[in-house]
Amino acid sequence: MHSVFLIYMASGRGKRFGSNKLLTHLQHKPLYQYGLDTLCAVGQVNHWPLLVVTAYGKIASWCRSRQIPVVMNEQADEGMAASLRIGVQHSPGAVAWAFFPADQPLLSQQSITQFLQGFCQSPYTLGAMSNGIRPMSPAVFSSRHKEELTAQRGDTGGRQILQQYQNSLYLYRPSPDELLDIDTLEDKHICLSKMQKR
């Protein structure tokens with residue numbers, strides 16, 4: 001199986017949320033810890049290395065206290081592309097990079113593992129989760145796309161690359177709830193409601 005580097009992107013400014021959404025609490029812990037806990041478990045089971053890219057000292061300190069590799073993002077105001085570039089630059093030797101936003105707390109360990117294992121066993125060099133309509137985050141890129149990833153600018157992340165190769169993508173469709181991302185306070189309330197029903 002290919003060696004996949006897990007990149008956790010925790011630099012979002014939360015402009016639509018009204019405050020730092022990554023530090024807002026859902027039930028008993030901050031939003032960013034949900035996805036990070038899940039990725040740590042995925043990485044340990046599959047022996048995939050993990051790197052956290054963040055603009056926040058509080059998140060970086062929490063990671064360091066648990067021996068989770070972390071890199072500070074000094075270009076967070078640019079948007080998601082900065083996290084992609086930093087992740088690639090700080091993971092030498094990676095065969096592929098899987099990028100995960102820090103605002104999808106319902107994404108399960110099982111779905112992440114099935115997504116990445118399926119990608120590794122496929123003939124494709126790109127993959128993304130899908131809601132059945134379009135590719136979405138998380139997404140995975142083989143090292144063939146390194147130059148394209150490091151050339152990205154702004155807040156589009158890897159979407160432009162995925163769109164360019166949309167007819168040759170590995171797609172994985174989890175349950176719809178798992179792809180819920182928290183951008184607004186309303187999203188937070190919806191997510192809390194779904195958590196309470198689990």
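In this predicted model, Tyr32, Gln33, Leu36 and Asp37 of helix H1 are in contact with Lys58, Ile59, Trp62 and Cys63 of helix H2. Five of the residues in this contact are nonpolar, one is polar and two are charged. H1 covers residues 31–46 and H2 covers residues 57–65; the two helices pack at an angle of about 35 degrees, with their axes 12 Å apart. Their crossing is right-handed. An α-helix has 3.6 residues a turn, so residues three or four places apart point the same way.

Other residues of these two helices have contacts elsewhere. Asn46 belongs to helix H1 and counts as buried, at 15% relative accessibility. Leaving out residues up to four places away in sequence, Asn46 touches Thr113 and Gln117. Arg64 is part of helix H2. With a relative accessible area of 48%, Arg64 is partly exposed, because the exposed class begins over 50%. Beyond its neighbours within four places in sequence, Arg64 is in contact with Val70 and Met72.

Helix H3, residues 80–89, is mostly covered, with eight of its 10 residues buried. These buried residues are Ala81, Ala82, Ser83, Leu84, Arg85, Ile86, Gly87 and Val88.

The model has four aromatic pairs. One of them joins Phe99 and Phe141 edge-to-face, at 5.8 Å centre to centre and with 70 degrees between the planes. Phe99 lies in strand E6 (residues 96–101) and Phe141 in strand E8 (residues 135–142), so this pair ties together parts that are 42 residues apart in sequence. Phe99 is buried, at a relative accessible area of 3%, and Phe141 is buried as well, at 2%.

Phe115 and Tyr170 make a stacked pair, because their ring centres are 6.3 Å apart and their planes are at 20 degrees, where stacking calls for planes under 30 degrees apart. Phe115 is in helix H4 (residues 109–121) and Tyr170 is in strand E9 (residues 170–172), so the pair links parts that are 55 residues apart in sequence. Together with Tyr172, Phe115 and Tyr170 form one aromatic cluster.

The two pairs are set out below.

| Pair | Centre to centre | Angle between planes | Arrangement |
|---|---|---|---|
| Phe99 and Phe141 | 5.8 Å | 70 degrees | edge-to-face |
| Phe115 and Tyr170 | 6.3 Å | 20 degrees | stacked |

A ring also takes part in a contact of another kind: Lys29 lies over the face of Tyr34, at 4.6 Å from the ring centre.

Some backbone features remain. Most residues other than glycine have a negative phi, and most peptide bonds are trans. The peptide bond from Ser137 to Pro138 is cis, with omega near 0 degrees, and Pro138 is in strand E8. His47 has a positive phi, near 60 degrees, and is not a glycine. His47 sits in the loop between H1 and E4 and counts as exposed at 69% relative accessibility. Gln67, which is not a glycine either, has a positive phi of about 60 degrees. Gln67 is located in the loop between H2 and E5, and at 69% relative accessibility Gln67 counts as exposed.

Terms used. Residues numbered from 1 in each chain as written. Predicted model: local features only at pLDDT ≥ 70, side-chain atom pairs only at ≥ 80, totals over all residues. Heavy atoms only, no water. Axes fitted to C-alpha atoms, helices over the stretch in contact; angles between N-to-C directions. Helix = DSSP H or I, 4+ residues; strand = E, 2+ residues; numbered from the N terminus. Left-handed = near helix turned anticlockwise from the far one by under 90°. Contact = heavy atoms within 4.5 Å. Nonpolar A, V, L, I, M, F, W, Y, C, P; charged D, E, K, R; others polar. Phe/Tyr/Trp six-rings, centres within 6.5 Å; stacked < 30°, edge-to-face > 60°. Buried < 20%, exposed > 50% of the residue type's maximum accessible area, 1.4 Å probe, protein only. Lys NZ or Arg CZ within 6 Å of the ring centre and 35° of its normal.
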